[in-house]
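I opened the file to take notes on confidence, core, ligand surroundings and backbone. The sequence and structure come first.

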Amino acid sequence: MTFSQNRLAKNNVLLVAGLLALIGMGVSSAISGNIEQSTSSRVVKNDSVATYHTSATAVFNVSEQIVGSASCKECHKAEYAAWTATVHSKNFARIGSPSGQKISAAYGNTEACLKCHSTPHTPTAKFESEQVGVSCESCHSAAGGPEGWFKLHSNYGGEGVKRNDETEAHRKERLAGCDTAGMIRASNVYALAKNCYSCHVVADEKLLAAGHKPGHSDFDLIPWMQGEVRHNFQVDQTVNAISPSLLKARDGVTTEQRKRVLLVTSRMVELETLLRNLGSISEENLGESYAGRRGWAGRAEDIFEYLDEEIGEAIDNEHVKAVVEAVKEIELGRKFEDQDAAMKAADQLAKIVQEFLDSAGEADLAGLDPLIEELDKPVGKPYLP
Ligand code: HEC
Ligand code: HEC
Ligand code: HEC
Ligand code: HEC
């Protein structure tokens, strides 16, 4: 399950805004209009989800687990400032742009847009601009609610206790609690990568047919995470480190090692994502649209070759070999047709990536450095305080 799906299932977040209203005005004003209208009309509530019935067709469920980026700012000033400088914090507006309106009109509704271009909001917090877009909680998961990680994650063992004074046992328990609450942290590279790819590879065939771009085929964690998205300030709010400062301070994970792990994970997760998409698209799209042979299968073939010939040559790693083994019999590229095999391989890859990550600390991955150098072209400029 990708984080998006997980999040959707968990919170039953279903955002449906009236298409006509959307086309008539800007998206955010259309939606805040809906919210205001609905709070004063019929509100159905249960433990964690508020359901708004706004009009005959529009149902608006809002996750109460989302606390919003403004709540993170108090302790994460530099991270917040870095985020507000990114496209992620602004892209909500793109849905209402002329090209966005054309896509929405062809698609027929805007529910699907909000999944990737926005964050679900609490009904009480109005649509503050900082909550809009791909926010802290789009990437680190919904923080609030009784079972959320919001309070837990920063508590070192009582008031006044600092990071360096936390006991080992408390830290273990705290971090395990965060993971149980679904927090996506830097140490869980698999969840983190799946989450990026769940938005950056557009899997919805209807959306592609409506004219949406499929997502950049050069999306890769190293360049895309280390440009404008980078915000590794936790240990020192004045230094935007290239790799997570907490991981370095806590577990001694160096920047070199981090990049090596990101390179391999990124390619494996992208391949898993593409195989899964290929396994589940409708048959008529196999040969036709961007989905299918011309798009995903071609891209999957390129990644397979990269894993086999470049990464596989650079390091001697059993998990890389296992991925090659799991995929090599599948005809990718223009001859792709075996959807069952693609799905089966995707499931195998999901396991192999996690085994790779479990053993990456001990593995010798230094041979990857020349490949990493080729990739080190950050997308956007890292924020400097
Ligand atoms: C009361 C202060 C406070 C608030 C509010 C706060 N944080 Fe934190 N956050 C911290 C501290 C302290 C740490 C370092 C924890 C550690 O040492 O493990 C941290 C760590 C993190 C980490 C890194 C965890 C890891 O193990 O890699 C993430 C991600 C994070 N916070 C996200 C958020 C988000 C998103 C919000 C808002 C929803 C938020 N925080 C609100 C204090 C806060
Ligand atoms: C699966 C996630 C996903 C969904 C769903 C989605 N988008 Fe996007 N959208 C993206 C990503 C990622 C980008 C930026 C990357 C790119 O350019 O391909 C983007 C870029 C855009 C852009 C700017 C690029 C352009 O073509 O001008 C517009 C406009 C847009 N989306 C509109 C929409 C609309 C309207 C919907 C709903 C009908 C929608 N999106 C649904 C992920 C998504
Ligand atoms: C909830 C969906 C979502 C998630 C999760 C997500 N993104 Fe994005 N991202 C988008 C959308 C949508 C856009 C494009 C908006 C536009 O062009 O209007 C975008 C744009 C970007 C851009 C700017 C690209 C440019 O052309 O300037 C970068 C860099 C980026 N994403 C990296 C990442 C990375 C790295 C991750 C994971 C750590 C990630 N994104 C996770 C939806 C998402
Ligand atoms: C596009 C996805 C995305 C968004 C949006 C995002 N983060 Fe992160 N965050 C990440 C990733 C990925 C990492 C790990 C980076 C790495 O490995 O270099 C991270 C790392 C962190 C860390 C640990 C840094 C360290 O030095 O150890 C903190 C704290 C954090 N994020 C807080 C936030 C806060 C607060 C916000 C909102 C203001 C936010 N993040 C928005 C993806 C995101």
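My entries follow, one topic at a time.

**Confidence**

I noted at the start that this is a predicted model. I looked up the mean pLDDT of the chain and found 80. A pLDDT of 70 or more is reached by 78% of the residues. I then asked which element has the lowest confidence and which the highest. Strand β1, residues 43–45, is lowest, at a mean of 25. Helix α17 is highest, at 98. Residues 1–62 have a pLDDT below 50. The model still gives that stretch 110 contacts beyond near neighbours in sequence. I marked a further stretch, residues 121–130, where pLDDT stays under 50. There I read 25 contacts beyond four places in sequence.

**Overall make-up**

I counted elements next. The chain has 19 helices and three strands. Of its 385 residues, 38% count as buried. I also checked the range of the contacts. Among contacts with a separation of 6 or more, 70% join residues 24 or more positions apart.

**Nonpolar cores**

The largest nonpolar core has 57 residues. Which of them touch the most other members? I listed Leu-271, Leu-275, Leu-278, Ala-300, Val-323, Ala-345 and Leu-349. Two or more residues each come from α10 (189–200), α12 (221–225), α14 (255–280), α16 (296–314), α17 (318–327) and α18 (339–359). Helix α14 gives the most, with ten residues. I followed up Leu-275, setting aside neighbours within four places in sequence. Leu-275 is in contact with Ala-300, Ala-342, Ala-345, Ala-346 and Leu-349.

**Around ligand 4**

I turned to the ligands. Ligand 4 has 27 residues around it. The nearest are Cys-136, Cys-139, Pro-244, Ser-245 and Leu-246. Helices α5 (77–84), α8 (136–140) and α13 (245–251) each give two or more residues to this shell. Which element has the largest share of the shell around ligand 4? I found that α8 does, with four residues. By class, I logged 15 nonpolar, eleven polar and one charged residues around ligand 4.

**Around ligand 2**

I repeated the search for ligand 2. This ligand is surrounded by 23 residues. Gly-100, Ile-103, Cys-113, Cys-116 and Lys-213 are the closest. At least two residues of the shell come from each of α6 (98–107), α7 (111–117) and α10. The classes here are nine nonpolar, ten polar and four charged.

**Backbone checks**

I checked the span of helix α9, residues 168–180. Its 13 residues reach 18 Å from the first C-alpha to the last. That is close to the 18 Å expected at 1.5 Å a residue. Gly-182 follows α9 and has a positive phi, near 90°.

I located Ser-141 in the loop between α8 and α9. Is Ser-141 buried or exposed? I found 23 other C-beta atoms within 10 Å of Ser-141. The cut-off for buried is 20 or more, so Ser-141 counts as buried.

Note on methods
Residues are numbered from 1 along each chain as its sequence is written. Chains are lettered from A and ligands numbered from 1 in the order in which they are written. This is a predicted model: local features need pLDDT of at least 70, side-chain atom pairs count only at pLDDT 80 or more; totals for chains, interfaces and linings use all residues. A nonpolar core is a set of buried Ala, Val, Leu, Ile, Met, Phe, Trp, Tyr and Cys residues joined through C-beta atoms within 7 Å. A residue is buried if 20 or more other C-beta atoms lie within 10 Å of its own, exposed if 12 or fewer, and partly exposed in between; C-beta atoms are placed from the backbone. Two residues are in contact if their C-beta atoms, placed from the backbone, lie within 7 Å. A residue is near a molecule or strand if its C-beta atom, placed from the backbone, lies within 6 Å of it. Ala, Val, Leu, Ile, Met, Phe, Trp, Tyr, Cys and Pro count as nonpolar, Asp, Glu, Lys and Arg as charged, and the others, Gly among them, as polar. The expected span of a helix is 1.5 Å times one less than its number of residues. pLDDT is the predictor's confidence in each residue, from 0 to 100.
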